[in-house]
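Please read this briefing alongside the sequence and the 3D view. It takes a few local features in turn, grouped by topic.

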Amino acid sequence: MKSVILYFGSFNPVHKGHMAVAERVLEGGLCDEVWFVVSPQNPLKRDGSLIGEEDRLEMVRLAAATSRFPERMQACDAEFFMPRPSYTVDTLERLRALYSDVKFSLLVGSDIPQQITQWKEWRTLLDDYDIYVYPRRGYPAPAAGGAFIPLEGAPFEDYSSTEVRRALTGGEGGDMVPDAVGKYIERRGLWNTGKISKD
């Protein structure tokens with residue numbers, strides 16, 4: 001049975017921090033593939049800062065294709081075809097129905113354990129899935145042996161998508177996103193950027 005770790009997120013935009021964590025998961029032999037599940041609308045984030053889902057999906061595709069493991073990463077648009085806002089437990093149910101020969105696990109940041117009780121059917125998630133946790137600034141890693149599994153040796157990129165967007169709006173931030181993503185952002189004029197990619 002193939003094992004897949006699902007990395008849920010808005011990816012607004014996908015950046016080098018996301019990719020480094022996903023590559024670490026594959027390096028550590030925790031799964032066969034990583035799927036980036038692009039969320040059209042996160043029920044806990046409604047600040048109006050999201051760009052179009054198709055742009056975010058395409059940037060993830062570009063990042064995956066130019067990663068160190070292009071054959072083992074992919075963008076997943078499953079939530080594009082579900083009621084909005086979408087909930088992780090419902091997406092997992094849909095994916096399990098579509099891919100009955102796949103064992104799914106989750107990859108989340110260390111901010112999630114503190115907010116998991118706000119998620120729909122959160123006990124089902126804890127009971128039925130392995131949930132790996134990577135470090136995020138300001139949030140302690142969960143203790144080993146609990147419901148969450150710390151991602152050992154995970155890289156730590158000290159910036160968030162919010163900070164990446166702020167840098168891009170100022171015509172900077174090209175070093176925070178994969179080159180192919182930077183060129184896409186520039187070509188599409190996302191976040192009112194000027195020239196940010198390398199020639």
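How many aromatic pairs does the structure hold? There are six aromatic pairs, where rings of Phe, Tyr and Trp (its six-membered ring) pair if their centres lie within 6.5 Å. This is a predicted model, in which local features need pLDDT of at least 70, side-chain atom pairs count only at pLDDT 80 or more, and totals for chains, interfaces and linings use all residues. Residues are numbered from 1 along each chain as its sequence is written, and side-chain values use heavy atoms, leaving out hydrogens and water.

**Aromatic residues**

- Y7 and F11 form an edge-to-face pair, with 5.4 Å centre to centre and 85° between the planes; planes over 60 degrees apart count as edge-to-face, under 30 as stacked and the rest as tilted.
- Y7 counts as buried because its relative accessibility is 2%, and F11 is buried too, at 3% (buried means under 20% relative accessible area, exposed over 50%, partly exposed in between, with a 1.4 Å probe and protein chains only).
- One aromatic cluster is formed by Y7, F11, F36 and Y134.

**Helix packing**

- Helix 2 (residues 53-65) packs with helix 7 (residues 179-188) at an angle of about 150°, and their axes are 8 Å apart.
- Helix 2 is therefore roughly antiparallel to helix 7; angles over 145 degrees count as roughly antiparallel, under 35 as roughly parallel, 65 to 115 as roughly perpendicular and the rest as oblique.
- Axes here are lines fitted to C-alpha atoms, for helices over the stretch in contact, and angles run from 0 to 180 degrees between N-to-C directions.
- The contact (heavy atoms within 4.5 Å) involves D55, E58, M59, L62 and A63 of helix 2, together with A180, V181, Y184, I185 and R188 of helix 7.
- By class, the contact of helix 2 with helix 7 has seven nonpolar residues, three charged and no polar; Ala, Val, Leu, Ile, Met, Phe, Trp, Tyr, Cys and Pro count as nonpolar, Asp, Glu, Lys and Arg as charged, and the others, Gly among them, as polar.

**Backbone in the loops**

- Helices (H or I, at least four residues) and strands (E, at least two) are DSSP runs, numbered from the N terminus.
- The peptide bond between N12 and P13 is cis, with omega about 5°, and P13 lies in the loop between strand 1 (2-9) and helix 1 (16-27).
- F11 is placed in the loop between strand 1 and helix 1, and its phi is positive, near 50°, although F11 is a residue other than glycine.
- A cis peptide bond with omega near 0° runs from R84 to P85; P85 lies in the loop between strand 3 (73-76) and helix 3 (88-98).
- E121, not a glycine, has a positive phi of about 50° and lies in the loop between helix 4 (112-115) and helix 5 (122-128).
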